Amino acid sequence: MCLQNGYKVEFPIVADPKRELIQQLNMVDPNEKDAQGNQVPSRALHIVGPDKKIKLSFLYPASVGRNMDEVVRVLDALHKSAKHKVATPANWKPGDPVMISPSVSNEAAKQMFPQGYKSTHLASNKDYLRFTHV
């Protein structure tokens, strides 16, 4: 599909003029109505992975704008975790360290992350909270 100004959209765009799909998926804001009294759509975003499973679902009320910086941040985190067996900590931003999955042994971590990693000291003396950059 080609839009104005020559931009090409390479994903399907769904039209729902009868509002059937948004009702079925409960993507309506119960508190917001248009001039005809119809519930307006919520601001919904679903990210589906290559395995066709939902990886993320944001649902904002119609009266609240989306934070596109957060959407981009989450996409980056999802890509990193899928590719490198890592997790992103709370408030993570691109460029910050990521956590190596506890399922990765120290020996495997040395192979997977040749740039190294740092372990955080825990009272249990277990060495599973490891941070690296990818």
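Here is a short walk through this predicted model, from its overall fold to one hairpin. Local features are described where pLDDT is at least 70, side-chain atom pairs need pLDDT 80 or more, and totals for chains, interfaces and linings use all residues. Residues are numbered from 1 along each chain as its sequence is written, and side-chain values use heavy atoms, leaving out hydrogens and water.

Let's start with the fold. The protein chain contains three helices and eight strands, where helices (H or I, at least four residues) and strands (E, at least two) are DSSP runs numbered from the N terminus. Their order along the sequence is α-β-β-β-β-α-β-β-α-β-β.

Next comes the overall shape. The radius of gyration, taken over C-alpha atoms, is 21 Å, whereas a compact globule of 134 residues would be near 14 Å; that rule is 2.2 Å times the number of residues to the power 0.38. Along the principal axes, the C-alpha atoms fill a box of roughly 65 × 40 × 25 Å.

How much of the chain is buried? The share is 22% of the 134 residues, with buried meaning under 20% relative accessible area (1.4 Å probe, protein chains only). For contacts (heavy atoms within 4.5 Å) between residues at least 6 apart in sequence, 22% join residues at least 24 apart.

Finally, look at the hairpin. Strand E1 (residues 28–33) and strand E2 (residues 39–41) run antiparallel and pair over three bridges; pairing requires at least two DSSP bridges. Asp-29 has Val-40 in E2 as its bridge partner. Five residues lie between the two strands, and in this hairpin Gly-37 takes a positive phi near 85°.

Notes. Buried means under 20% relative accessible area, exposed over 50%, partly exposed in between (1.4 Å probe, protein chains only).
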